[in-house]
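Please have a look at the sequence and the coordinates before reading on.

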Amino acid sequence: MGRGTASELVEQRSSDGFTVVRPATVAPVTVAVLHPWWGLTAAVADRCRDLARLGYLAVAPDLYQGAVAETAKQAQQLRRIRRQTPTWRHIVGTLQTARTQ
């Protein structure tokens, strides 16, 4: 399933608000890691690292522009915020940007 084990990882947080983790030496297959309604948490970044160690380019679009909820009520409020760019378009754009970096 994976493309081999990658021992060294390259990790970055872009100015567009997403996390990218890629193996340093393997041509990547891209995997989108979508965060839960809490936001882009450390657990999501950990999943990206896990996937990158398996040889994948793991990209986690930040759908809340850096906001992370601490309660269910806050998460519900984040989820309801109207965005200028549709969520699907944000995800696709983030993947395209990450693949060209």
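## Ground rules and overall pattern

Helices (H or I, at least four residues) and strands (E, at least two) are taken as DSSP runs and numbered from the N terminus. With that in hand, the protein has three helices and four strands, and along the sequence they follow the pattern β-β-β-α-β-α-α.

This is a predicted model, in which local features need pLDDT of at least 70 and side-chain atom pairs count only at pLDDT 80 or more, while totals for chains, interfaces and linings use all residues. Residues are numbered from 1 along each chain as its sequence is written, and side-chain values use heavy atoms, with hydrogens and water left out.

Of the 101 residues in the protein, 36% are buried; buried means under 20% relative accessible area, exposed over 50%, and partly exposed in between (1.4 Å probe, protein chains only). Taking a contact as heavy atoms within 4.5 Å, residues 24 or more positions apart account for 73% of the contacts with a separation of 6 or more.

Six of its six residues are buried, so E4 is largely enclosed by the rest of the structure. In a regular strand the side chains alternate between the two faces of the sheet. Here both faces of E4 are covered: Tyr56, Ala58 and Ala60 are buried on one side, and Leu57, Val59 and Pro61 on the other.

Which strand pairs with E4 in the parallel sense over four bridges? That partner is E3, residues 29-32, where pairing requires that DSSP finds at least two bridges between the strands. Val29 stands opposite Tyr56 in E4, and Thr30 stands opposite Leu57.

## Nonpolar cores

A nonpolar core is a set of buried Ala, Val, Leu, Ile, Met, Phe, Trp, Tyr and Cys residues joined through side-chain atoms within 4.5 Å. The largest one has 11 residues, including Val20, Leu57, Val59, Leu63 and Tyr64. Strand E4 (56-61), helix H2 (72-80) and helix H3 (87-100) each give two or more residues to this core, and H3 gives the most, with three. Apart from it lies another core of six residues, among them Val33, Leu40, Val44 and Ala60.

Helix H3 also holds Gly93, which is partly exposed at 26% relative accessibility.

## A buried aspartate

Asp62 lies in the loop between E4 and H2 and is buried, with a relative accessible area of 2%. What does its side chain meet? A polar atom of the Asp62 side chain lies 3.1 Å from the backbone nitrogen of Tyr64, and one lies 2.7 Å from the backbone nitrogen of Gly66.

## Two tryptophans

The structure holds one aromatic pair. The rings of Trp37 and Trp38 have centres 5.8 Å apart and planes at 65 degrees, so the pair is edge-to-face. For rings of Phe, Tyr and Trp (its six-membered ring), pairing needs centres within 6.5 Å; planes under 30 degrees apart count as stacked, over 60 as edge-to-face and the rest as tilted. Trp37 is partly exposed at 36% relative accessible area, and Trp38 is partly exposed at 33%.

Technical notes
A polar contact is a pair of N or O atoms within 3.5 Å; within protein, one must be able to donate a hydrogen and the other to accept it, and residues adjacent in sequence count only if both atoms are side-chain atoms.
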